[in-house]
Amino acid sequence: ANRKPDIVGIAISEEGITLRSYFYPFDKIKGFAIDENPLGNHLLIESDRLVAPLISIPIPFSIDTEALSALLKTRLPVKPLKEHVYHRLMEHIGF
């Protein structure tokens, strides 16, 4: 809790989404949702991974979530995804 949060690099290209150094091609992503919350917005991605298929990416408040959603809708379906409550709680207290 004493250290500052890491700055995570994310890029969206024609081929997929890069998070840190890991690349998620659009054909391996089943869908997305944008979870808007007063504590912080998150991009939720459902991947085809067997372990931890839901990926939660914090979205800075400076990013227009409607524009982000419109961009992703050109390549991915919108799904009713929700982040687990305990994950949100752990993030809020600094884990």
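## A serine at the end of a strand

Start with Ser 47: a polar atom of its side chain lies 3.3 Å from the backbone nitrogen of Arg 49. This is a predicted model, so take that distance as a computed value from predicted coordinates. Ser 47 belongs to strand E5, which covers residues 41-47.

Is Ser 47 buried or exposed? Its relative accessible area is 2%, and because the cut-off for buried is under 20%, Ser 47 counts as buried. Leaving aside residues up to four places away in sequence, Ser 47 touches Lys 28, Ile 29, Lys 30, Pro 53 and Ile 55.

## The chain at a glance

Let's step back to the whole chain. There are two helices and six strands, and reading along the sequence gives the pattern β-β-β-β-β-β-α-α. The chain has 95 residues, and 29% of them count as buried. Take the contacts in the chain with a separation of 6 or more: 43% of them are between residues 24 or more positions apart.

How far can you trust the model? The mean pLDDT of the chain is 84, with 81% of residues reaching 70 or more. Helix H1 has the highest confidence, at a mean of 95, while helix H2 (residues 85-92) has the lowest, at 58.

E1 pairs with strand E2 (residues 16-19) over three bridges, in the antiparallel sense. If you want a pair to look for, find Ala 11: its bridge partner in E2 is Thr 18.

The loop between E2 and E3 is where you'll find Arg 20. Phi of Arg 20 is near 55°, which is a positive value in a residue other than glycine. Arg 20 counts as exposed, at 55% relative accessibility.

## The E4-E5-E6 sheet

The other three strands to look at are E4, E5 and E6, which form an open sheet in that order, again with antiparallel pairing. E4 and E6 are the edge strands, each pairing on one side only. Ignoring direction, neighbouring strands of this sheet are turned by 20° against each other on average.

E4 and E5 run antiparallel and are joined by six bridges. Ala 33 is a handy place to look: Leu 44 in E5 stands opposite.

## Helix H1 across the strands

What does helix H1 lie across? H1 lies across E4, E5 and E6, and runs at about 170° to E4.

Ser 69 lies in H1 and is buried, with a relative accessible area of 15%. Not counting residues up to four places away in sequence, Ser 69 touches Phe 32 and Ile 34. Leu 71 also lies in H1, but counts as partly exposed at 45% relative accessibility. Leu 71 and Ile 12 are 59 residues apart in sequence, yet their C-alpha atoms are 9.3 Å apart in space.

In soluble globular proteins, nonpolar side chains tend to be buried together. Here, the largest nonpolar core has 14 residues, and the ones with the most contacts inside it are Ile 29, Leu 43, Ile 45 and Leu 72. Which elements supply at least two residues each? They are E2, E4 (29-35), E5, E6 (54-59) and H1 (65-73). E6 gives the largest share, with three residues.

Setting aside residues up to four places away in sequence, Leu 72 touches Ile 12, Ile 17, Phe 26, Phe 32 and Leu 43.

Key. Residues numbered from 1 in each chain as written. Predicted model: local features only at pLDDT ≥ 70, side-chain atom pairs only at ≥ 80, totals over all residues. Heavy atoms only, no water. Pairing = 2+ DSSP bridges. Helix = DSSP H or I, 4+ residues; strand = E, 2+ residues; numbered from the N terminus. Buried < 20%, exposed > 50% of the residue type's maximum accessible area, 1.4 Å probe, protein only. Polar contact = N/O pair within 3.5 Å; in protein donor to acceptor, adjacent residues only side chain to side chain. Contact = heavy atoms within 4.5 Å. Core = buried A, V, L, I, M, F, W, Y, C linked by side-chain atoms within 4.5 Å. Axes fitted to C-alpha atoms, helices over the stretch in contact; angles between N-to-C directions. pLDDT = per-residue confidence, 0-100.
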